[in-house]
Amino acid sequence: MKTFIPIECDIFDNNRMSALINEMGPIGYGIYMILLVEMRNREDYTIDSNTLKLIIRKYNIRQKMMEQVLYNYQLFTVDRMPDDCLLISSEYVNRVMQNYDERIEQSKAAGKRGAAKRWGKTNGIPYGDPN
């Protein structure tokens, strides 16, 4: 199944995002987008310490740059768990995915209503069904 994350067109108007781009350039923005995509690919939209290490290795990101993106611009929430593991989340990802998930559910419901109307189903049996 293909997945995606909606990106708002005015994302660059955010002061925190502007600061990230002004200070780190497109590399900072790229790291930010990698983190958003990786969060999107997880069921709970979070990244833990082990996953973060894998991301750093996979995309060859310097630790210092990753820490700058995570801590300097208030774009992510980084919580330290009791086992000393980090749990990273994004208000942005949670918000856009909640909106997206709601639209998907509305579309599914509308599709089912439309199909029922089109095929004239009552109690799950289409009109004109010989059986």
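Which hand does the crossing of α1 and α4 have, left or right? The close-up views below start with that crossing and then turn to salt bridges. Please keep in mind that this is a predicted model.

View 1. Let us begin with the opening question: the crossing of α1 and α4 is right-handed. To find the two helices, look for residues 15-40, which form α1, and residues 91-119, which form α4. Their axes come within 10 Å of each other and cross at roughly 50°.

**View 2. Side by side, the residues where α1 meets α4.** On the α1 side, look for Tyr32, Leu36, Met39 and Arg40. Their counterparts in α4 are Tyr92, Val93, Met97 and Tyr100. Sorted by class, this contact has seven nonpolar residues, one charged residue and no polar ones.

**View 3. A salt bridge joins Glu8 and Arg95.** This is one of five salt bridges that the structure holds. Here the closest N and O atoms of Glu8 and Arg95 are 2.5 Å apart. The two partners come from distant parts of the chain: Glu8 sits in the segment before α1, while Arg95 belongs to helix α4, and 87 residues separate them. How exposed is each partner? Glu8 is partly exposed, with a relative accessible area of 27%. Arg95 is partly exposed too, and its relative accessible area is 34%.

**View 4. Glu38 and Arg42 meet in a salt bridge.** In this view the side chains of Glu38 and Arg42 come together, with an N to O distance of 3.4 Å. Glu38 counts as buried, at 9% relative accessibility. Arg42, by contrast, is partly exposed, with a relative accessible area of 25%.

**View 5. Lys58 also forms a salt bridge with Glu38.** The closest N and O atoms of Lys58 and Glu38 are 3.8 Å apart. Because Lys58 lies in helix α2 (residues 49-58) and Glu38 in helix α1, the pair ties together parts that are 20 residues apart in sequence. Lys58 counts as exposed, at 59% relative accessibility. Which residues do the shared partners bring into one network? Glu38, Arg42 and Lys58 are joined in this way by their salt bridges.

Note on methods:
Residues are numbered from 1 along each chain as its sequence is written. This is a predicted model: local features need pLDDT of at least 70, side-chain atom pairs count only at pLDDT 80 or more; totals for chains, interfaces and linings use all residues. Side-chain values use heavy atoms; hydrogens and water are left out. Axes are lines fitted to C-alpha atoms, for helices over the stretch in contact, and angles run from 0 to 180 degrees between N-to-C directions. Helices (H or I, at least four residues) and strands (E, at least two) are DSSP runs, numbered from the N terminus. A crossing is left-handed if the near helix is turned anticlockwise from the far one by less than a right angle, and right-handed if clockwise. Contact means heavy atoms within 4.5 Å. Ala, Val, Leu, Ile, Met, Phe, Trp, Tyr, Cys and Pro count as nonpolar, Asp, Glu, Lys and Arg as charged, and the others, Gly among them, as polar. A salt bridge is a side-chain nitrogen of Lys or Arg within 4 Å of a carboxyl oxygen of Asp or Glu. Buried means under 20% relative accessible area, exposed over 50%, partly exposed in between (1.4 Å probe, protein chains only).
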